[in-house]
Amino acid sequence: MNHACMDFLDKGKSTMKKVSQFKALLQSDQLEFICEAHNGLSAKIVEEAGFKGIWGSGLSISAQFGVRDNNEASWTQVLDVLEFMSDATSVPILLDGDTGYGNFNNVQRLVRKLEQRDIAAVCLEDKLFPKSNSFIGGKQQPLAPIDEFAGKIKAGKDAQRDDDFCIVARVEAFIAGWGLAEAMRRAEAYHAAGADAILIHSALAVPDEILAFKREWADRSPVVIVPTKYYSTPTDIYRAQGISMVIWANHVLRSAISGMQQVTRRIYEEQSLIRVESDIATVNEIFRLQGAGALEEAEKRYLPSAQRMPHAVVLAASRGVELGELTLDRPKAMVQVGTAPILGHIVAAYNASGIKDITVVRGYQKAAITLPNLAFVDNDDYASTGELVSLQKGLAAAGGDQHDVIVSYGDVLFRKYVPEILHETADALVIMVDTDWRDSANRNRIADYVHGSLPYSRQFYGREAFLERIAADLPEGEIHGEWMGFLKIGAEKLPLVRELLAQLLAVPENRGAKIPQLLNLLVERGERVRVVYTTGHWLDIDSLEDVTNAGAF
Ligand code: SPV
Ligand code: MG
């Protein structure tokens with residue numbers, strides 16, 4: 001991976017190595033807190049909440065697999081989960097490494113694998129493999145021989161490659177029903193073996209055992225606690241007693257369990273989603289947590305824009321009074337032509353060219369636009385505004401600046417090759433122009449005529465033409481063709497077009513303006529608007545006669 005790419009992926013994250021971050025937390029003179037996570041998503045949630053470290057809880061990781069906290073999940077399965085957790089976050093992870101999954105030799109291999117996955121530290125407990133959770137029959141749990149466990153700690157410390165990797169030795173003497181003296185003996189031995197901290201665990205509802213230990217232990221090394229059972233103890237007590245780190249060990253998993261149980265029960269009972277929707281995270285929140293935004297950014301950088309299909313914006317807000325009774329209860333775009341409404345044909349042509357993201361700007365009789373798989377945005381001022389207002393709304397709704405946008409009208413029929421040509425033409429601003437313009441001029445219809453830098457001619461084959469002027473009243477001698485109503489705006493030009501639209505529409509007289517005004521403004525600003533000449537293969541519906549003829553189109 002090159003550095004530019006690394007920088008991009010790690011943007012905004014701490015530059016301090018995770019091992020060093022954790023060591024600093026452990027040795028800080030403040031009381032520090034880390035919180036449990038059990039997969040990539042929960043790890044991210046813990047980091048976003050503000051925690052400077054994560055507890056890779058054995059209980060939670062086994063539970064999310066649906067198995068017991070008895071080493072039923074293999075250590076490599078745990079490692080795979082940790083890798084997702086580590087990749088998803090920038091704060092250090094302290095793995096609950098149970099007993100080390102074997103003897104000193106397994107601990108050494110574990111430490112190396114953890115370092116390879118950027119896990120900052122491991123906590124090893126002095127029970128026997130396969131262990132069971134400290135809160136299940138704790139008193140019956142056999143402890144490891146002191147010297148054997150001290151050997152594991154030493155082996156782990158000898159195996160680590162980075163000096164800052166930490167090993168926390170967890171003393172289970174209180175859990176197993178032994179007293180303070182045994183706890184102290186063990187802590188001493190593990191400390192002597194090189195442990196970076198002691199985790200002193202207790203299953204009592206009061207903090208008496210851990211406080212007694214802390215008093216006796218004093219400041220020989222940092223002390224870590226897990227107040228799951230003595231949860232009602234005020235946190236200031238730990239602070240006052242000089243505890244180094246508190247682990248909130250299972251609360252993310254437990255909140256997830258409650259949430260999942262409540263919601264699934266309700267959905268089952270109510271056979272409906274209506275009442276739960278507002279109580280649960282949105283789908284967009286899932287995308288955000290997954291980092292979908294960063295992928296979109298990366299696509300902009302790395303994916304050739306030609307591989308991203310354009311989005312289409314169809315302007316269909318106007319009534320089309322010229323069609324008389326046909327548009328009494330529906331906009332022109334919904335007038336039936338042959339087997340489908342005009343908009344249905346438009347959607348089919350876009351779909352045939354591979355374009356599926358289509359935003360329709362509605363206005364007049366908007367409820368009548370009922371076709372599926374479309375996004376809608378409304379220009380409710382359609383009666384007093386023009387195309388540019390609709391375009392502005394359409395571009396805002398088409399979202400993002402990652403895709404080119406093809407703008408067309410809700411009353412223009414076309415074949416799929418029109419969007420195909422627009423997509424394949426590399427220029428960032430492109431219009432389609434019909435060289436067979438005399439035909440429509442003869443029909444006495446209003447058309448937008450185009451004067452290009454070159455007319456269409458075989459003699460200019462291979463040379464590109466650019467827009468110089470577009471107007472309905474262009475002198476006949478200057479006309480090179482008729483604009484077909486298609487405009488491609490490349491992704492890189494969308495911000496400019498949005499800005500120009502905002503400027504234009506800030507002037508009240510422009511509220512009724514049409515797209516040609518925008519095109520001329522672009523040309524005036526020195527933008528190159530590519531003209532692609534073609535002949536026929538489109539039809540705009542301007543009269544009842546067009547509706548009839550269009551059936552054969
Ligand atoms: C864990 O979170 O897996 C722990 C802490 O080891 S406890 O469940 O309290 O033993
Ligand atoms: Mg555990």
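**Figure 1. Surroundings of lysine 488 in the predicted model.** Leaving aside residues up to four places away in sequence, lysine 488 touches Asp404, Val405, Ile406, Leu422, His423, Thr425, Ala426, Asp427, Ala428, Leu429 and Val430, in a model that is predicted. Lysine 488 belongs to strand β19, which covers residues 481-489. With a relative accessible area of 2%, lysine 488 is buried, because a residue is assigned to that class when its relative accessible area is under 20%. A polar atom of the lysine 488 side chain lies 3.0 Å from the backbone oxygen of leucine 422, and leucine 422 is also one of the residues that lysine 488 touches.

**Figure 2. Glutamate 32 and its contact with lysine 52.** Glutamate 32 is part of strand β1, which is formed by residues 32-37, and its relative accessibility of 7% places glutamate 32 among the buried residues. The side chains of glutamate 32 and lysine 52 make a polar contact at 3.1 Å. When residues up to four places away in sequence are not counted, glutamate 32 touches Leu25, Lys52, Ser244, Met245 and Val246.

**Figure 3. The peptide bond between phenylalanine 129 and proline 130.** Most peptide bonds are trans. The bond from phenylalanine 129 to proline 130, in contrast, is cis in this model, with omega near -10 degrees. Proline 130 is located in the loop that runs between β4 (121-125) and α7 (146-159).

**Figure 4. Aspartate 98, a residue with positive phi.** Most residues other than glycine have a negative phi. Aspartate 98, although it is not a glycine, has a positive phi of about 50 degrees. Aspartate 98 is found in the loop between β3 (93-96) and α6 (104-116), and at 5% relative accessibility this aspartate counts as buried.

**Figure 5. Asparagine 373, a positive phi at an exposed position.** Asparagine 373 is a residue other than glycine whose phi is positive, with a value near 65 degrees. The loop that holds asparagine 373 lies between β12 (358-362) and β13 (375-378). At 71% relative accessibility, asparagine 373 counts as exposed, because that class takes in residues over 50%. Read beside the previous view, this one shows positive phi in an exposed loop residue, asparagine 373, whereas aspartate 98 has its positive phi in a loop residue that is buried.

Definitions and conventions: Residues are numbered from 1 along each chain as its sequence is written. Chains are lettered from A and ligands numbered from 1 in the order in which they are written. This is a predicted model: local features need pLDDT of at least 70, side-chain atom pairs count only at pLDDT 80 or more; totals for chains, interfaces and linings use all residues. Side-chain values use heavy atoms; hydrogens and water are left out. Helices (H or I, at least four residues) and strands (E, at least two) are DSSP runs, numbered from the N terminus. Buried means under 20% relative accessible area, exposed over 50%, partly exposed in between (1.4 Å probe, protein chains only). A polar contact is a pair of N or O atoms within 3.5 Å; within protein, one must be able to donate a hydrogen and the other to accept it, and residues adjacent in sequence count only if both atoms are side-chain atoms. Contact means heavy atoms within 4.5 Å.
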